[in-house]
Amino acid sequence: MSFFKRLTLPLLIVFGIGLLGFAQEFVPHPIAHDFTEAMTTCFKIMGGFAMILGIYSLTHLHVTRIRQQGPGWGYSMFVFLGAGVMIVLGVWNDGVGPLREVSEGKTYFDWGYDYIYVPCQATIFSILAFFMASAAFRTFRARNVAAAMLLIAAVVVMFGRVPVSETVGRWFGTPDVFTNATDFLMNGPNLAAKRGIILGVSLGGLAQSLRILLGIERSYLGGQD
Amino acid sequence: MTTPQNKSNKKTSSVEMAVLAILAVVFLVVSLLAQFIVKDADGHYYFTTGADLRGSLGVILAAGLTLVMYSFLYRDNALFKIAENLYVGVALGYMVITITWREALRPEVYDKFFNAPTWGAFREALLYRSVPVILGVLLITRLSRKHGWISRYSYALIIGYGAGVGIPLTTHSFILKQLYAGVAPLQDAIVGKTSPALFSWPWFADVAYPVFLTALVVVGTVAVLFYFFYSIEHKRTGRTFSQVGIFFLMVSFGASFGYTVMGRVSLLIGRVQFLLYEWLKIPK
Amino acid sequence: MSSLPLQPRRIDLSRWVIYGLVCLAVLLPYVIYVEMPFTPSKEAKGLYDQLEALKKGDHVLLAFDFDPASQAELRPMGRALLLHCFRKGVIPVVMTFWPNGLNMDKEIIEKTAPEAGKMWSREFKNGRDYVFLGFRPGDTSFILLMGENLKTAFDKDYYQNPTQKLPGLTDVNTLKDMKLVVDLAAGATVQAWIAWGSDRFGFPLGAGTTAVSAPDMYPFLQSRQVVGLLGGLRGAADYEVLLNVNGDGRLGMQAQSFTHLLLVGLILFANVVVFIRWIRGGKD
């Protein structure tokens, strides 16, 4: 039994499956297609179970907070209120039950999604517009050459990507000047930097994949018992 | 003991509560007027719940939650925290019902095993789906300290396959194709075209500018890669070249900042449009 | 036990002035209309031309890989692309790798199909004129499966109809049968579609991204791994102009312009003040 607890067998699985995954890219035989199909169907099913881990983590966090009466524990009750109501509505499913789909129209479960989840999530991220404006005004300073370049690029792009830049350009007889400046920045220096980052990250990812296949990187397996 | 500062804070808190109460009443009145008062063809206003009462109440709730969320701009407060935690709870419930049950476990496990139309379909499910189901269950053992080692086998399969498949695809798409694209425009600009007259406007537009831009991109890409290469010390020429990389990165970050501002403002515009057109029902 | 005296709450005026100005900049365009025509970008035109070149009965896969947090930017793109497909008689096949947006994606399709029906006096029926496949987890490996066998990847659509029997998916067996794939992405799924999808199976890929991610797409645009790009709300507005329809994209452009002008003004103002102080030898 202790053999199964060690990392040997999982690492062999990683190497074997990884090698097969690598090889199937170059094998035109139908068996390679069948292998891909089998693996992705397998992951499709495992994905559902993986969600349970996320659900447990969130639940555990709030249960612990309530049990220990930590700071803000009262608010955690609202987490379970929201979750409970949604689960009940989902299981009831407008009387149809959890094993079938409602053929048409919106259920109360959909209502909860549309009018609680959607506006809350959309609004939380939209608050950042205010914080961004405030932070840009307070801290965006051209203190040196590099910061000045950042500032100029930001101003050109912010101005060039909105319709008012063409309107202003028309006043001076050149409607495209700001758009062309933005295009130059995006297709020149920005492209170069992003490409450099993509190449660097990809090379790093490649090295990491090789480390995983060869068993050098083992952190995802959680350490040895 | 009540100090003058305590007393002023208590007073402020009472003022805040009064303002909140007034705002709540205004919100309810405005919501009811906007959602339930309609104008007929003769120009008369009348009260009606309309065809979609559930939808109207939902819009009022959504608008209320939106404005409560925006109260965070004033300061962190109890109403915001309640709305935030309610949202987390609703998200959790949605994850359980839709993602875990309806889109994964029901079609892939329950329907295939318990709703199989024929004995042959059930046998096929047993043959091909038992192993993934078992591996999926093994994933959950990660939560146990004593039996967490069992989940390694599931993770080994997922990570191993992803790493193996990723190597050729990453190399092809993100390295080789990007390197080729770095110099391909030079070929397009110079080879196979009839050259326009030197220093004419078509020559600038079709030859000189693409060549200049490509050269700029190549130099920039190499400079950025060199900047991130920490295995050798950046001295003298290397340091200058690394500085060039920094300048390219600064321009790129500036452009990204500009786009990020655009993105965040768009999200705010989205919410404002909801409040104006769906809550207050202002005509577009 | 004595308690520390509470500090009087300090009001930060500059923060409130900025918040107020941002609110004003966003709300003002909905009160005062200012004509601001604009030219669609080359990137948006690239995607538009690709779809415009398709014939009636061709299939286009639309991956709605976003959630409500990004709906302000990506939902107008989704609507515009669906309208374009319906206008051309092309069959849009919609799916998602983002489970949190599933209900929202369903709503987009179920609202746009009747809207298109009113615009072009036709009925667009689910299963025949458009297909909604729903959600599946695991983008990278799943794209591979879709590329090998789409109907195994999605044996049923969102409404539990077997995909083998859907008239809208006749003659479609793999991703190679799609004449175009467009990924509307709030995250990094475009890169997954490039590496695991278009580069491997050879279909043209378009991208619609949030403004935050748009600068990252330019290397892929230049290498032609992505045939067209819609970046942020401006991208949605560009597509609506090309399609000659009104929508939330075009509607939001004025507010976007005013807010950007405000932010640029604030940043430049702050830097000019600092510069003047620096010239006078004062402290920053």
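Strand 2 of chain C and strand 3 (residues 131-135) of chain C pair in the parallel sense over four bridges. Two strands count as paired if DSSP finds at least two bridges between them. Helices (H or I, at least four residues) and strands (E, at least two) are DSSP runs, numbered from the N terminus. The model is predicted: local features need pLDDT of at least 70, side-chain atom pairs count only at pLDDT 80 or more, and totals for chains, interfaces and linings use all residues. Residues are numbered from 1 along each chain as its sequence is written, while chains are lettered from A and ligands numbered from 1 in the order in which they are written.

In strand 3 of chain C, Phe132(C) is the bridge partner of Val94(C). The chain passes from strand 2 of chain C through helix 4 of chain C to strand 3 of chain C, and this β-α-β crossover is right-handed. A crossover is right-handed if, with the strands pointing away from the viewer, the path from the first strand over the helix to the second runs clockwise. Strand 2 of chain C also runs parallel to strand 1 (residues 59-65) of chain C, joined by five bridges. Here Pro92(C) of strand 2 is the bridge partner of Val60(C). Strand 1, helix 3 and strand 2 of chain C form a right-handed β-α-β unit.

Strand 2 (residues 91-96) of chain C is largely enclosed by the rest of the structure, because six of its six residues are buried. A residue is buried if 20 or more other C-beta atoms lie within 10 Å of its own, exposed if 12 or fewer, and partly exposed in between, with C-beta atoms placed from the backbone. In a regular strand the side chains alternate between the two faces of the sheet. Both faces of strand 2 of chain C are covered. Ile91(C), Val93(C) and Met95(C) are buried on one side, and Pro92(C), Val94(C) and Thr96(C) on the other.

Chain C as a whole has ten helices and six strands. Of its 284 residues, 57% count as buried. Its C-alpha atoms fill a box of roughly 75 × 60 × 40 Å, taken along the principal axes. Among contacts in chain C between residues at least 6 apart in sequence, 70% join residues at least 24 apart. Two residues are in contact if their C-beta atoms, placed from the backbone, lie within 7 Å.

Chain C meets chain A through 46 residues, which are in contact with 42 residues of chain A. Helix 10 of chain C gives the most to this side, with 13 residues. Several helices of chain C each supply at least two residues, including helix 1 (13-27), helix 3 (71-88) and helix 4 (102-120). By class, the side of chain C that touches chain A has 27 nonpolar, 13 polar and six charged residues. Ala, Val, Leu, Ile, Met, Phe, Trp, Tyr, Cys and Pro count as nonpolar, Asp, Glu, Lys and Arg as charged, and the others, Gly among them, as polar.

The contact between chain A and chain B takes 101 residues from chain A and 96 residues from chain B. Helix 9 of chain A gives the most to the chain A side, with 23 residues. The residues of that side divide into 70 nonpolar, 23 polar and eight charged.

Leu65(B) lies in helix 2 (residues 53-70) of chain B. With 23 C-beta neighbours inside 10 Å, Leu65(B) counts as buried. Not counting residues up to four places away in sequence, Leu65(B) touches Ile116(A), Pro119(A), Cys120(A) and Ala83(B). The C-alpha atoms of Leu65(B) and Tyr87(B) are separated by 9.5 Å, and the two residues are 22 apart along the chain.

Chain A is assigned domain 1 (1-70), domain 2 (72-126) and domain 3 (141-225). Such bounds come from an automatic or database domain assignment. The centres of domain 1 and domain 3 of chain A, taken over C-alpha atoms, are separated by 33 Å. Eight residues of domain 1 of chain A are in contact with seven residues of domain 3 of chain A. Helix 2 (residues 8-23) of chain A provides the largest share of the domain 1 side, five residues. In chain B, 52 Å separate the centres of domain 1 and domain 2, taken over C-alpha atoms.

Confidence is given as pLDDT, the predictor's confidence in each residue, from 0 to 100. Chain A averages 90, and 98% of the residues score at least 70. The mean for chain B is 87, and 94% of its residues reach 70 or more. Over residues 1-11 of chain B, pLDDT stays under 50.
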